[in-house]
Amino acid sequence: MTLDTSDAPGGAAGETPDEGVSEFLRDASLFLAPDKAIMENHGIEERTPLEDRCMGAESDPARLEIVRERLLAGANESFDMLESMGAAPGAKWGDCVSAIFTAKGDLSLASTGGVVIFCNLVQYPIKFINKYWTSEPTVGVKEGDVFLVNDARYGQAHNTDQSMMMPVFWEGELVAWAGATVHEGENGAIEPGGMPSMAEQIWDEGLKMSPFKVAENYTLRRDIVTFLQNSVREPKLQYSDMKVKMFTCRRLEQRIHEAIREFGLEAVVSCLRSNLEDTDTEVRRRLEEWPDGTVRHSWWTDGTLRENALIKINLALTKKGDTLIFDYRGSSPEFTNRSNNSLDITLKGMLAQLFLTYVWPDLPRNQGVLNPIEFVFDERSILKPDFGTPNAQSMMSVFTSWSVAQVSVMKFLYSVPHKYTRVLAPWFNMINTFLFGGVTQHGEMVGNVCADINGMGGGALPDRDGQHSCAPIFATMADIGEQEFMEEEMPFVQLVSKKLMKDNQGFGRQRGGMGYQMILALRDSPVWGFMLTAIGSKFPNVPGLFGGYGCPTYPLSRISGVDVFEKMQSDPASFRYSIEELMNERPFEEGAYSTHPMFLPYALAERGELYMIAQGTGGGFGDPLERDPEDVMRDFEEDLVSEDVAWRIYRVVFDPETRIVDREATAAARDDVRKERLAESLSFDDYCAQHVADAPPAELPYFGSWDDPAMVYAGSRDRYFPAGAVNPPVIMQNPLEAKIERLEAELARAGKS
């Protein structure tokens with residue numbers, strides 16, 4: 001663990017530190033774990049003497065804005081470099097970012113495109129480097145040094161992301177940091193692709209890079225590069241993207257130096273600092289416009305990626321004065337041997353994305369947006385697990401936590417007269433895509449993820465439908481990739497790609513943006529496998545807003561025992577171009593048709609067998625009975641909704657041949673539904689008496705609070721503990737062992753009969 005030497009003898013204010021004692025304590029630290037003081041501070045650091053001096057010398061807002069735009073242009077230029085030159089799929093499709101940080105490590109300016117959470121989290125490893133390596137004789141921080149990190153516990157979203165950081169000096173003084181992050185994918189974990197659902201301990205999660213130096217004098221150290229290449233399945237990718245990230249940082253350094261030459265050091269340092277302080281001030285001003293009060297919202301995930309379970313995310317969002325408090329107490333306890341836990345810093349970074357993209361998109365992209373915000377978590381919870389708890393699949397909890405926050409924030413935003421963006425129903429939030437690994441048709445070992453991770457459907461707005469398969473919640477300017485490019489490099493084919501799935505819609509007065517379907521098959525590889533790491537097959541991932549419907553649930557559909565490529569050659573008319581038709585019509589007699597949860601551990605695939613999933617839809621806004629019938633007919637004409645949904649959900653009466661709406665009959669049908677609702681309605685007390693139970697159902701594996709956020713269930717009714725004090729901790733049985741036990745029990749019963 002890290003030893004804190006701040007209270008060493010001689011360390012009091014006004015005294016000269018006893019260098020011998022301080023050096024002894026430093027050298028006695030057996031392991032420099034993440035620094036608690038660093039990791040628990042998401043706010044802006046205090047001004048440095050240099051920042052004080054520069055802000056006193058240069059405070060003209062017009063001039064500082066020119067400097068800011070010049071630096072932002074450099075960040076955007078470097079982002080384009082990163083996206084164009086990167087080898088990882090995540091780089092090519094925009095799951096990356098470049099950014100400029102203050103000398104103390106605060107994120108001051110991020111590229112317009114890219115993933116805000118990535119660079120928001122890089123503040124933590126930079127601050128670790130500043131504190132521990134700057135004065136460390138065996139490391140040091142010099143011009144031309146480059147550092148790398150991927151361990152989420154030191155400041156990353158999850159271990160599949162790799163961030164590179166470069167100090168920027170001017171005349172021998174550290175004045176800023178440049179950073180570049182890419183979702184690299186492959187990292188040597190127990191499963192290929194970098195996001196192992198099978199991980200039961202942190203050592204199953206692949207590379208664990210604490211912040212360390214990988215280059216000196218702008219030159220990568222080949223011994224370290226070779227070690228990292230030797231630790232992953234894609235050595236070429238590892239080396240290539242280390243070079244790309246380093247040159248991206250060098251371009252940022254170049255643009256910072258040019259700005260200093262043109263405008264002066266004082267202007268650049270003042271710009272970086274004022275960018276943070278001005279954002280903080282403006283956020284506080286805008287929060288003052290919100291009504292004081294508390295909004296509560298809960299949602300559940302339906303599994304750990306190994307087994308089904310109902311896992312609660314609980315939020316009480318309180319606004320008071322110029323401060324917001326996100327209180328996640330009462331959420332599920334941590335899972336000691338499952339990878340679906342999320343670090344609290346990961347959630348904080350995601351909420352920076354929420355505010356900078358969906359609430360105040362006009363603000364500069366920096367961490368000042370979180371300065372007026374406070375967070376409360378239970379210790380040893382799914383959102384603040386212990387140091388040794390796996391977190392490779394943090395998206396399973398953090399994305400749901402983000403959506404719970406989005407719903408709560410939008411309810412506040414709805415009541416504010418002056419808005420800086422429009423109220424938005426929940427964006428779809430799950431990574432409905434395939435991971436893959438094996439040997440390509442070119443003889444190379446690979447492991448990564450498909451770009452369809454970025455095709456999440458957008459939430460509906462009060463006056464407009466959501467956008468189809470628009471962007472992921474974490475990168476609103478990301479791309480969904482070109483399947484033809486993928487097929488050049490990988491041995492599988494998406495036989496159906498980017499085709500919107502009928503009725504896959506968050507119904508509402510304004511409907512959510514729909515998700516497309518993916519049907520793929522292995523074509524040419526001696527050994528290849530697929531994975532799925534998504535939840536939402538039994539409980540929907542997002543709700544609607546103000547009467548709108550949420551997304552449906554999504555299974556994995558498979559057709560095995562068939563080679564579709566042979567079928568398409570011998571009988572092309574037998575193929576069907578939608579999941580609905582393939583699963584309902586069953587055109588291949590010899591095929592085995594099945595559906596499964598969306599979590600599929602890495603499994604070898606056979607040539608020509610079909611794997612089929614759909615990307616998700618955003619939530620709807622408002623009562624579907626208020627939807628304009630002509631909007632329903634437009635969706636019907638575009639084959640986005642069926643005749644059944646047009647009637648059953650929207651109650652539109654029309655001629656299917658001409659698509660002419662009978663408005664009188666439609667109005668009457670909708671009035672009948674409203675009367676039925678009133679007839680079936682209950683008072684609040686009666687509703688609670690009929691539907692509210694004292695505890696979760698006995699047969700349901702339930703995790704989290706029920707009614708009292710101070711008490712949580714840990715899988716069953718008899719495991720009920722104070723939050724943060726679950727003892728013994730949650731340890732899940734291996735699903736294969738559980739299956740064997742069930743089969744043995746069945747055999748034993750059969751033998752007795």
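This is a predicted model: local features need pLDDT of at least 70, side-chain atom pairs count only at pLDDT 80 or more; totals for chains, interfaces and linings use all residues.

Reply: Setting aside neighbours within four places in sequence, Phe355 contacts Trp290, Leu324, Phe326, Trp360, Pro361, Val369, Ile373 and Val409. The largest nonpolar core has 135 residues, and Trp290, Phe326, Tyr328, Phe355 and Phe530 touch the most other members. There is also a second, separate core of 51 residues. Met166, Ala176, Ile224 and Val225 are among its members.

Now the helix α11, residues 344–359. Its 16 residues reach 21 Å from the first C-alpha to the last. That is close to the 22 Å expected at 1.5 Å a residue. Of those 16 residues, 16 are buried, so α11 is largely enclosed by the rest of the structure.

Ser342 lies in the loop between β10 (323–327) and α11. Is Ser342 buried or exposed? Its relative accessible area is 0%, so Ser342 is buried. Leaving out residues up to four places away in sequence, Ser342 touches Leu347, Ile382, Leu383, Lys384, Pro385, Ser394, Ser397 and Val398.

Next, helix α4, residues 61–85. With 25 residues at 1.5 Å each, α4 should span 36 Å. The C-alpha atoms at its ends are 36 Å apart, so the span agrees. Its buried residues are Leu64, Val67, Arg68, Leu71, Leu72, Gly74, Ala75, Ser78, Phe79, Met81 and Leu82. What do they pack against? The partners are the helices α5 (89–92), α9 (235–263) and α10 (265–289), together with the strands β1 (96–102), β2 (107–110) and β5 (173–183).

Two packed helices are described by the angle between their axes and the distance between the axes. The axes of α4 and α10 come within 9 Å and cross at roughly 85°. On the α4 side, the contact is made by Arg63, Leu64, Val67, Arg68 and Leu71. On the α10 side, it is made by Ala267, Val268, Ser270, Cys271, Leu272, Ser274 and Asn275. By type, the residues of this contact are seven nonpolar, three polar and two charged.

Some backbone details come next. Most residues other than glycine have a negative phi, and most peptide bonds are trans. Arg651 has a positive phi, near 55°, and is not a glycine. Arg651 sits in the loop between α17 (643–648) and α18 (663–680). At 18% relative accessibility, Arg651 counts as buried. Arg659 also lies in the loop between α17 and α18. Its phi is positive too, at about 60°, although Arg659 is not a glycine. With 33% relative accessibility, Arg659 counts as partly exposed. The cut-off explains the two labels, because buried means under 20% relative accessible area.

Where is the cis peptide bond that involves Pro728? The bond runs from Asn727 to Pro728, with omega near 0°. Pro728 is placed in the loop between β23 (720–722) and α20 (735–752).

Last, Cys688, found in helix α19 (residues 684–691). At 24% relative accessibility, Cys688 counts as partly exposed. Cys688 and Gly529 are 159 residues apart along the chain, and their C-alpha atoms are separated by 48 Å.

Terms used. Residues are numbered from 1 along each chain as its sequence is written. Side-chain values use heavy atoms; hydrogens and water are left out. Helices (H or I, at least four residues) and strands (E, at least two) are DSSP runs, numbered from the N terminus. The expected span of a helix is 1.5 Å times one less than its number of residues. Buried means under 20% relative accessible area, exposed over 50%, partly exposed in between (1.4 Å probe, protein chains only). Contact means heavy atoms within 4.5 Å. A nonpolar core is a set of buried Ala, Val, Leu, Ile, Met, Phe, Trp, Tyr and Cys residues joined through side-chain atoms within 4.5 Å. Axes are lines fitted to C-alpha atoms, for helices over the stretch in contact, and angles run from 0 to 180 degrees between N-to-C directions. Ala, Val, Leu, Ile, Met, Phe, Trp, Tyr, Cys and Pro count as nonpolar, Asp, Glu, Lys and Arg as charged, and the others, Gly among them, as polar.
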